[in-house]
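This briefing looks at how strands pair and how nonpolar side chains gather in the structure shown below. Please keep the sequence and the 3D view at hand while reading.

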Amino acid sequence: MAQPDAAPGEVTPLGVWPGTAYPLGATYDGAGTNFSVFSEVAETVELCLIAKDGTETRIALDEVDGYVWHAYLPTIGPGQRYGFRVHGPYDPDRGLRCDPSKLLLDPYGKAFDGEFDNDPSLYTHGLDSLGHTMTGVVINPFFDWGSDRAPNRPYHETVIYEAHVKGMTMTHPEVPEELRGTYAGIAHPAVVEHLKSLGITAIELMPVHQFLHDRVLLDQGLRNYWGYNSFGYLAPHNEYAASPRGGAAVTEFKAMVRSLHAEGIEVILDVVYNHTAEGNHLGPTLGFRGIDNAAYYRLLDGDPGRYMDYTGTGNSLNVRHPHTLQLIMDSLRYWILDMHVDGFRFDLAATLARELHDVDRLSTFFDLVQQDPVVSQVKLIAEPWDVGEGGYQVGNFPGLWTEWNGKYRDTVRDYWRGVPATLGEFASRLTGSSDLYEATGRRPSASINFVTAHDGFTLRDLVSYNEKHNEANGEDNRDGESYNRSWNCGAEGPTDDPEINALRAKQTRNLLATLVLSQGTPMLAHGDEFGRSQQGNNNVYCQDSPLAWMDWSLAETDADLLEFTRSVIALRTGHPVFRRRRFLAGQPVRAKEPTRDIAWLTPSGEEMTAADWDSGFGKALTVYLDGAGIPEPGPRGERITDDSFLLCFNAHDSALDFAIPGTDYGGPWTVALDCSTPDGHAEASYPAAATLTVPARCLLVLRCPA
């Protein structure tokens, strides 16, 4: 559409209609665009149309309904750049920060253009920020989805792959250079085929909401690589689009989702509704702060000039306010209905539950999600902690929710590095953490099991470093977690010692196999399938460089690990005994038979006793999974049967003899997975009641056909 020719301050010659208060934001209907913005504190609101030459036309929004200011412009369409100016009280000590010199971003903006240049006008009252900030862009909402359908993969069949849009594709040799680091790069057939060959059913993308690069990082020549610094909750980050101008990111994102859905892969977004990029009271005024500071942010009681900070980032969104809650819910519905995503992982989700101070699992936000007919039907994954008092809430989220199980991560790491007295908790984590989730009526799949994620060591670094090495971040190695539950296997960092490298490789396979074969929903971090390293940096949030990107040459140099990962995921996918919908009971399946759906055995083949579980030195056990002991029916009510399995865990530093149980448990047994071999394959068979030797620090999986 043509840009208006009016000079700043003139009334547009295009005509202004009253418009409607809802939907909020800029909504193009095929003929014109409705603009709508909420501000309870405003005295006057102006819509600012920005021409191609950077000049501005201001239009007073005279229509106000329930503190929502709105107008309809009949000839304004896709590509139009815009913002708002809000006139009202400015008294920061009272939490009032209206400043009409600031061109403010639309909280409901669906696309953004330009960039922030960190000019003083973004921080200083009275200085005009036009030309120094981003602008909203009116988008064309129409898209040919074709026959796109949500895969609707049940949790117990889900394998999640956490990935970074840019980092995953920046070095991929088959992705054209112009598409690397983009949504189109993720959708490239070579990348999709890699996910399919692994057996991935859902890709969890690190933040793709439009975000800001922090001034303190830019001053050091760094960038906010991870993107946990959102300000546009309805807009895909424009830097991840092959064509970042205008609304191209929206179309490219939709095309990515359509391509992944066509291959049966769901798209889950890591979302950051706990804080915004405006930071603390010294941060820039970009949008929320200047539109209605007290409505959008939690202000300190007794000191409203400053912000409550449950996130360690300077501010916390005010989820007690109805319009802030509406923004979050409208954002979630938009990504589901318009962008076709399949679920969300909520960063620092405990913050969303804070209505007063304590985390309340029945807070208003969770009530809204529970009753929402759209949001309640997609995958909802909580990071169940924040940095505030009482913020660690693993196991305490409502029934609809699954959770990143931090206790699973910690226990599995401790077990394989040989920490004493972990056997009992290890068994609980291996079987879905019923102690955390069963009481709330949830299933094993409520436990999102992971050993590594974006935050912390990669899997290769977990077995290669005892200490973090974050010097490149410019904080004198003070940032990042210092207690990583890692073990370098005898040397810090890269080494030429073949024994240490062999042990590291085996430990990597042990951790991967344990993760994938545990009850619950497994999540892999991108690049762990072929040994990606960050050189010991466990906090690459600011490293937009090869240090943090996936190194695709490893797919060739560590092809055995890649093959191992494919094999162990295929083992899980092919056998329902590893992905039970209900918690294991441990009771006899049929009264006349001694077998159970699960049995816990010592290496000598005897059932575990209380003394065995309590033994501080115990690091070995056999887990028997009975393929005939699956009581829950299939999706059509059919009975499910499977092969039976023995999982022989040996975390000792020496080989141990394991007794295979007698014929009551079945037999003969063949090796299904051997973590002591580079690709996990081994040709061996054992009769019932035989003895086999399990190498030091090794998981061996045996199978008995049904």
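Two strands are taken to pair if DSSP finds at least two bridges between them. In this predicted model, strand β17 (residues 299-300) and strand β18 (residues 303-307) run antiparallel and are joined by 2 bridges, so the pair meets that definition.

**The β17-β18 hairpin**
- Leu-300 has Asp-303, a residue of β18, as its bridge partner.
- The hairpin leaves 2 residues between its strands, and Gly-302 adopts a positive phi near 85° there.

**The open sheet**
- Five strands form an open sheet with antiparallel pairing, and their order is β4-β3-β7-β11-β10.
- The edges are formed by β4 (56-60) and β10 (112-113), each of which pairs on one side only.
- Within this sheet, strand β3 (residues 44-50) runs antiparallel to strand β7 (residues 81-87), and 7 bridges join the two.
- Val-45 stands opposite Val-86, which belongs to β7.

**The nonpolar cores**
- The largest nonpolar core holds 178 residues, of which Ile-203, Phe-344, Phe-346 and Phe-365 touch the most other members.
- Leaving aside residues up to four places away in sequence, Phe-365 touches Leu-325, Ile-328, Met-329, Leu-332, Phe-346, Leu-352 and Trp-401.
- In soluble globular proteins, nonpolar side chains tend to be buried together.

Conventions: Residues numbered from 1 in each chain as written. Predicted model: local features only at pLDDT ≥ 70, side-chain atom pairs only at ≥ 80, totals over all residues. Heavy atoms only, no water. Helix = DSSP H or I, 4+ residues; strand = E, 2+ residues; numbered from the N terminus. Core = buried A, V, L, I, M, F, W, Y, C linked by side-chain atoms within 4.5 Å. Buried < 20%, exposed > 50% of the residue type's maximum accessible area, 1.4 Å probe, protein only. Contact = heavy atoms within 4.5 Å.
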